[in-house]
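The sequence and structure come first, followed by the terms and the values.

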Amino acid sequence: MKAYDLAVVGAGPGGYVAALRAARHGARVCLVERDRLGGTCLHRGCIPTKALHATAQRLAMLKDCAQHGIRVGEVAFDPNQAMARKDAVVQRLEQGIAGLVRQGGVDLLHGDAMLEAPGRLRVRRPGWSALVRADAVVLATGSRAVRPGFLDAGGKNVLTSDEILVMQDLPSSLLVVGGGYIGCELAGILACFGVEVTLVEQRDHLLESQDRDAVRTVAEGLRRLGVEIITGARIRQVEEHAGIRAFLDDGRRLQTDQLLAALGRSPNSAGLGLAEAGVSLDGAAVQVDEHMQTSVPGVYAIGDLTGSTMLAHVAMHHAEVAVARILGMQGPDLGADAQVPSVVFTQPELARVGVTEADCRARGQSVAIGRFAYRANGKALCDGAGDGLVKLVADASNGRLIGAVIVGAGASTIVAEVAAAIKAGMTARQLGTVVHAHPTLSEMVQEAARDLDREAIHKPYKKDAG
């Protein structure tokens with residue numbers, strides 16, 4: 001039985017970051033993975049969807065070539081080549097992670113892990129079993145796609161994001177159930193690929209937790225791609241009949257080739273021996289404190305397993321918090337989760353950091369709002385990307401930035417500046433004094449910051465009476 005300072009279960013973004021961070025500070029580390037390095041994010045989530053999103057963007061751009069004076073003949077799209085490119089990107093990144101693990105001196109064990117007791121893991125694979133002892137254990141087993149039982153009637157024609165990202169043949173038509181970020185991203189990508197897409201969301205709006213102004217822009221973008229959006233309706237029944245036949249609770253019937261269940265994800269806590277080891281759960285999620293430690297001393301849980309915001313970079317942040325605690329180092333504060341940006345890779349992109357205007361209004365907090373439209377930005381118009389908005393939220397009592405939403409081209413990149421400003425405790429006025437290069441999309445951040453004081457240069461204001 002080999003002894004380690006730290007054993008990490010799960011080699012997704014949270015797990016391999018925890019392992020590498022600890023090893024770089026001199027800890028003896030093993031990393032246990034049942035499947036492939038990189039986890040869901042690399043193989044069935046973030047990276048595959050963004051590789052396909054990049055392909056979809058290029059297809060969409062070809063349709064706009066005429067306004068630039070570029071004549072393009074008939075465009076032929078090969079979905080198999082797009083999938084092959086996606087796989088090549090994934091393979092390259094997986095090899096990169098494997099190299100980092102080797103060079104970092106981390107022992108990689110392949111198999112299923114079970115927590116037998118604090119500091120004791122049993123690792124198994126067919127024909128092999130080993131007991132691992134470690135002073136601390138970090139559980140980073142991620143999450144899995146939710147697949148409600150009533151959808152099983154669709155058999156092979158009902159897919160989750162796991163299956164749709166490895167399909168070889170595109171359906172002619174697809175019903176997407178769920179208007180969260182997974183459903184919206186995949187609906188837009190597949191519509192660009194020529195699939196006839198219908199998106200059904202039981203709530204009254206897509207992307208329920210996001211800013212309403214931004215969501216309207218995303219919905220308009222999806223409709224321009226040909227996506228039919230149905231909100232405020234539930235799937236009552238699904239049958240497999242020459243594809244998929246779905247019945248809505250409002251009486252409508254939808255017929256498509258396949259159905260994508262994009263109904264969220266659930267923590268992967270089964271089979272780890274958590275309850276037997278005394279680890280407290282809230283449903284399938286592992287309960288943790290501000291250091292990511294579970295109810296059992298020396299056992300930590302991070303990322304999707306905790307049921308928190310299910311984003312790869314949140315898992316990475318959790319890894320830094322946990323490892324700092326385990327090694328007795330100064331580390332990041334878990335409270336910084338509020339400053340972690342999120343991005344929905346639709347067309348256009350939607351990015352958010354901190355709180356929304358609606359969040360603040362709901363709890364009675366007085367806020368000031370600064371806005372600037374993409375259509376008033378020179379670079380956006382040069383790029384043919386005039387749809388979008390930058391909205392900044394500041395505490396009205398002191399002017400400090402507390403949130404932002406950006407919808408439009410490049411939102412995924414622009415949001416980082418605002419995240420840094422929020423973390424630094426900057427006021428909108430301070431951000432407005434930062435000189436931005438011209439012409440750039442980032443100028444809109446400066447203009448939105450200045451708008452809180454009605455000082456944006458490229459935005460008209462009515463003169464005060466008198």
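## Surface and basis

Accessible areas come from the Shrake-Rupley method with a 1.4 Å probe, and for residues only the protein chains shown count as cover. On this basis the accessible surface of the protein is about 21700 Å², and 49% of that surface belongs to carbon and sulfur atoms.

The model is predicted: local features need pLDDT of at least 70, side-chain atom pairs count only at pLDDT 80 or more, and totals for chains, interfaces and linings use all residues. Residues are numbered from 1 along each chain as its sequence is written, and side-chain values use heavy atoms, with hydrogens and water left out.

## Overall form

The protein has 14 helices and 24 strands, taken as DSSP runs (helices H or I, at least four residues; strands E, at least two) numbered from the N terminus. Its radius of gyration, taken over C-alpha atoms, is 24 Å, close to the 23 Å that the globule rule (2.2 Å times the number of residues to the power 0.38) gives for 466 residues, so the protein is as compact as a globular protein of that length. The C-alpha atoms fill a box of roughly 80 × 60 × 45 Å along the principal axes.

Of the 466 residues, 52% count as buried, meaning under 20% relative accessible area. Among contacts (heavy atoms within 4.5 Å) with a separation of 6 or more, 61% join residues 24 or more positions apart.

## Helix α14

Helix α14 spans residues 443–451, and eight of its nine residues are buried. Charged residues among them include Glu443, Glu447 and Asp451. The buried residues of α14 pack against strands β22 (367–373) and β23 (389–395) and helices α12 (411–423) and α13 (428–432).

## Nonpolar cores and Glu201

A nonpolar core is a set of buried Ala, Val, Leu, Ile, Met, Phe, Trp, Tyr and Cys residues joined through side-chain atoms within 4.5 Å. The largest has 40 residues, of which Ile164, Leu206 and Leu350 touch the most other members. Elements that each supply at least two residues include α3 (46–63), α4 (79–103) and β10. Helix α6 gives the most, with eight residues. A second, separate core of 31 residues includes Leu6, Leu20, Ala322 and Val323.

Glu201 lies in strand β10 (residues 196–201) and counts as buried because its relative accessibility is 5%. Beyond four places in sequence, the contacts of Glu201 include Gly178, Leu206 and Ile230. Leu206 in turn touches Cys184, Leu199 and Arg212, among others.

Conventions
Buried means under 20% relative accessible area, exposed over 50%, partly exposed in between (1.4 Å probe, protein chains only).
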